[in-house]
Amino acid sequence: MKNILITGGAGFIGGHVVRLMVQKYPNYHIFNLDKLTYAGNLGNIADISTFSNYTFLHGDICDPNYIERLFKSFSFDSVIHLAAESHVDRSIADPLAFVKTNILGTVNLLNAFKSLWQDQWENKLFYHISTDEVYGSLGATGLFTEKTAYDPNSPYSASKASSDHLVRAYGETYGLPYVISNCSNNYGPNQFPEKLIPLCINNIQNNMALPIYGDGKYTRDWLYVVDHAEAIDRVFHHGKKGSTYNIGGHNEWQNIDLVKLICRTMDDKLGRKKGDSEQLIQFVTDRPGHDKRYAIDANKIERELDWKPSLTFEEGIERTINWYMNNGPWLNNVTSGAYLEYYKHQYQNS
Ligand code: NAD
Ligand code: DAU
């Protein structure tokens with residue numbers, strides 16, 4: 001039995017990774033460490049909560065003493081680190097929260113892992129989950145490869161870039177075995193509706209404005225979250241230690257086209273007249289420092305680890321919209337209370 005620590009497993013991507021690992025690997029004991037911030041929700045993983053190879057740990061990666069004790073108690077063989085502050089707009093409003101969780105929190109985990117194993121690194125791995133945003137912004141052409149220089153533009157991406165550098169530095173300096181993956185935009189069930197796709201689905205259902213930043217021509221490369229979880233499984237088991245893998249869907253969309261696609265699909269499902277939901281689109285003040293375009297060259301992971309996305313975007317977006325429409329209580333739960341305050345503040349000029 002191996003003890004695997006997954007951080008941030010009550011969040012969007014973490015929940016899908018925890019489910020996959022718990023179900024697929026009965027010989028692993030999966031410990032899910034999560035602070036349950038506004039973005040963490042145990043309802044995301046209620047279906048696996050009673051599995052005998054699963055334990056939830058409620059705690060904060062920013063507390064070094066707690067983290068040190070935890071690593072000593074459970075002797076984690078490996079770490080898959082997803083816990084983070086993850087929303088760019090919130091990082092613009094409060095950069096320090098991102099520095100604390102994404103940089104200091106990561107260093108606390110690295111220190112605890114290092115002091116637990118010292119130089120006995122055989123069969124140990126620290127897997128750091130990162131983002132394509134560390135590479136900055138692309139022009140109209142080109143793709144991010146693993147060799148693209150880091151050039152982050154938001155406090156969020158700068159904090160993730162910093163944590164990537166620290167993981168690499170612990171590898172070089174202390175020999176800590178690590179792997180990093182940098183993924184493009186995820187979408188799918190359980191994503192908190194501060195992010196574009198679930199925000200639009202929720203607003204269309206409630207006949208609320210769809211806020212599009214700037215001219216709407218910003219481009220993102222979307223990947224279904226379960227495909228990302230499967231890529232993480234591949235990298236965790238077969239990735240080359242000390243290296244980086246880019247993960248993406250070869251699936252670029254300008255925001256405005258994506259939102260119109262969601263509108264058309266939902267008009268059908270809600271029995272609305274064609275074009276009704278598009279009327280809700282509202283162009284609003286742009287995000288400061290808004291990155292123009294992200295697009296991933298996923299050749300390395302496809303070639304070396306034989307991974308490819310399993311779903312087309314049409315299938316993924318259909319599943320995603322159906323999931324939100326069939327999970328009203330989940331959506332109502334996360335859009336009440338603090339979300340209303342956040343929403344009012346973020347979109348007050350819309
Ligand atoms: P999320 O915001 O949905 O979830 C983050 C989770 O981390 C939550 O459960 C939260 O409670 C937990 N957490 C936050 N601070 C913590 C702390 N101090 N201690 C313990 N737990 C804490 O995020 P997500 O979208 O699932 O992203 C997960 C990871 O993947 C992040 O590292 C993010 O940078 C990266 N990533 C996200 C995307 C994306 O499109 N969402 C793409 C590429 C990479
Ligand atoms: O690329 C990976 C990153 O993708 C992850 O590292 C981040 O954690 C994740 O949040 C995501 O970042 P983005 O900023 O790209 O995602 P978001 O859903 O916030 O925005 C997607 C695009 O939509 C972006 O160009 C901004 C735009 N947008 C977003 C919101 C919330 C709008 O036009 N209006 C909105 O209200």
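Which side chain has an N or O atom 2.6 Å from an oxygen atom of ligand 2? You'll find out in Exercise 1.

Before you start: this is a predicted model, where local features need pLDDT of at least 70, side-chain atom pairs count only at pLDDT 80 or more, and totals for chains, interfaces and linings use all residues. Residues are numbered from 1 along each chain as its sequence is written, chains are lettered from A and ligands numbered from 1 in the order in which they are written, and side-chain values use heavy atoms, with hydrogens and water left out.

**Exercise 1.** Describe the surroundings of ligand 2.

*Solution.* 
- Step 1: Look for residues near the ligand (a heavy atom within 4 Å of it). There are 23 of them, and the closest are Thr-131, Asp-132, Tyr-156, Arg-287 and Tyr-347.
- Step 2: Check polar contacts (pairs of N or O atoms within 3.5 Å). The opening question is settled by Tyr-347, whose side chain has an N or O atom 2.6 Å from an oxygen atom of ligand 2. Thr-131 has a polar side-chain atom 2.7 Å from an oxygen atom of the ligand, and Asn-185 has one at 2.8 Å.
- Step 3: Turn to area (Shrake-Rupley method, 1.4 Å probe). Alone, ligand 2 exposes 690 Å², and the protein buries 94% of that.
- Step 4: Sort the shell by class: ten nonpolar, seven polar and six charged residues. Strand S8 (residues 210-213) gives the largest share, three residues. Strands here are DSSP runs (E, at least two residues), as are helices (H or I, at least four).

**Exercise 2.** Work out how helices H2 and H4 pack.

*Solution.* 
- Step 1: Compare the axes (lines fitted to C-alpha atoms over the stretch in contact; angles run from 0 to 180 degrees). H2 (residues 64-74) and H4 (residues 95-117) pack at about 35 degrees, with axes 9 Å apart.
- Step 2: List residues in contact (heavy atoms within 4.5 Å). They include Ile-67 and Phe-71 of H2, with Leu-109 and Phe-113 among those of H4.
- Step 3: Sort the contact: seven nonpolar, two polar and two charged residues.

Note on methods: Nonpolar A, V, L, I, M, F, W, Y, C, P; charged D, E, K, R; others polar. Polar contact = N/O pair within 3.5 Å; in protein donor to acceptor, adjacent residues only side chain to side chain.
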